[in-house]
Amino acid sequence: MQRFQRIRRGLLLSAVLAAAPIAAQAAWPEQPIRLIVPYAAGGGADNVARVIAGPLGEKLGQSIIVENRPGAGATIAEGVVARSAPDGYTVLYDTFTYAVNASLRKLNFNPSKDLTPVAITATAPLILVVNPKVKANTLAEFVTLAKNPDNKVTYASYGIGSAAHLAAELLARDAGLSMLHIPYKGGAPALVDLVGGQVNAYFANASSGLPYVRNGTLRALAVSSSKRLNTLPDVPTVAESGYPGFEVLEWHGVFVPHGTPPEAAKKLADAVQAVINSPDVVKRLNSLGIDPSPIPPSGAQAYIDDQVKRWSTLIKDRNISLE
């Protein structure tokens, strides 16, 4: 009898231990979640992450703590999340740069193996803006100006490999232009020098470029999206201006460490989708020049793979490097 009771207790204990991981997964989240942003506070990605964080926390029933880890072209933050425990409590909020880092930098982690996209949350078009002293009112006139060997046309970006940089390189390739790239440490100093006339052109993100266009400080020649902006209906797209298929969007996405329990990843993905589609969040993001464009996990990986392939090809073709 005693032997039978010992066996019975052992079986019960084994059943409890076996069920524990399932219960832990089902209960996620049981503690606050860190949302790691690879950029400084107050920047475009940080602003969007903070718009999402509040309602996302309410949806999940836990606090979402936004943690800024800028530096090294976003790879510091990416590495932190890639090496974190895959428990759903450390999440990455990244952007366009994620798709180009492996082509430009030596990484101490493998993005395709160590990180898994949960959702693409939003996209933001770029606006090709020029200083008003530049004698071009259309993209066609700008291309003609830049093709003249007597003109040394310069363009700004907020860093090598940024969306602003690669959009200009894509245009240069398609239009056969030779322009000098002037990289800055952020969008703000790039805009300051563009307004001051130190550089000629810049693919500014919509949220930062729109105020300058509206007050006449800068002139908009084209937008990088496949359709015109509602806020700039008279400004054509680059594709409309003679370069079919041209589209560059600064996308945002949510990533978790590879191996995160599927139940936790799905719950997070569902919550992100619900928040991104909520009217209040849509309104707040639109005010920042951001277009909520939710893509679930089933399509997020394919989107990322396409972005990596597209930009790695351009980086190779244009001999772009950090040196």
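The lining of the second largest pocket splits by class into 6 nonpolar, 8 polar and 4 charged residues (Ala, Val, Leu, Ile, Met, Phe, Trp, Tyr, Cys and Pro count as nonpolar, Asp, Glu, Lys and Arg as charged, and the others, Gly among them, as polar). This is a predicted model, with pLDDT of at least 70 needed for local features and 80 or more for side-chain atom pairs, while totals for chains, interfaces and linings use all residues. Residues are numbered from 1 along each chain as its sequence is written, and side-chain values use heavy atoms, with hydrogens and water left out.

The second largest pocket holds about 440 Å³ of space. Pockets and cavities come from a 1 Å grid over the protein atoms alone: a cavity is a set of points where a 1.4 Å probe fits but cannot get out, a pocket is an open set with protein on both sides within 12 Å along at least five of seven lines, and lining residues have an atom within 4 Å of a point. Grid points are joined across faces, edges and corners, and a volume is the space filled by probe spheres set on the points. Of the 18 residues lining the second largest pocket, Pro-125, Leu-229, Asn-230, Asn-286 and Asp-291 are the closest to its centre. Two or more lining residues come from each of S4, H9 and strand S10 (291-295); helices (H or I, at least four residues) and strands (E, at least two) are DSSP runs, numbered from the N terminus.

The largest pocket takes up about 980 Å³. Its lining runs to 42 residues, with Tyr-39, Tyr-158, Lys-185, Gly-186 and Gly-187 nearest the centre. By class, 21 of the lining residues are nonpolar, 18 polar and 3 charged. H2 gives the largest share, 4 residues, and at least two each also come from helix H8 (187-196), strand S7 (201-205), helix H9 (206-214) and S9.

H2 turns up again at the largest cavity, where H2, S3 and helix H10 (262-276) each put at least two residues into the lining. Leu-35, Ile-52, Leu-56, Val-91, Tyr-93, Thr-121, Val-254, Leu-268 and Val-272 line the largest cavity, making 8 nonpolar, 1 polar and no charged residues. The second largest cavity, at about 40 Å³, has a lining of 9 nonpolar, no polar and no charged residues. S7 supplies the largest share of that lining, 3 residues, and helix H7 (163-175) also gives at least two.

As for helix packing, the axes of H2 (residues 44-60) and H11 (residues 279-287) come within 10 Å and cross at roughly 170° (axes are lines fitted to C-alpha atoms, for helices over the stretch in contact, with angles from 0 to 180 degrees between N-to-C directions). H2 is therefore roughly antiparallel to H11, a label for angles over 145 degrees. Val-48, Val-51 and Pro-55 in H2 meet Val-281, Arg-284 and Leu-285 in H11, contact being heavy atoms within 4.5 Å. The residues of this contact divide into 5 nonpolar, no polar and 1 charged.

Helix H3 (residues 75-82) is mostly covered, with 7 of its 8 residues buried, that is, under 20% relative accessible area (1.4 Å probe, protein chains only). The buried residues of H3 include Glu-78 and Val-80. Among the elements that the buried residues of H3 pack against are strand S1 (33-37), strand S3 (90-95), strand S4 (115-130) and strand S9 (249-257).

Notes: Buried means under 20% relative accessible area, exposed over 50%, partly exposed in between (1.4 Å probe, protein chains only). Angles under 35 degrees count as roughly parallel, over 145 as roughly antiparallel, 65 to 115 as roughly perpendicular and the rest as oblique.
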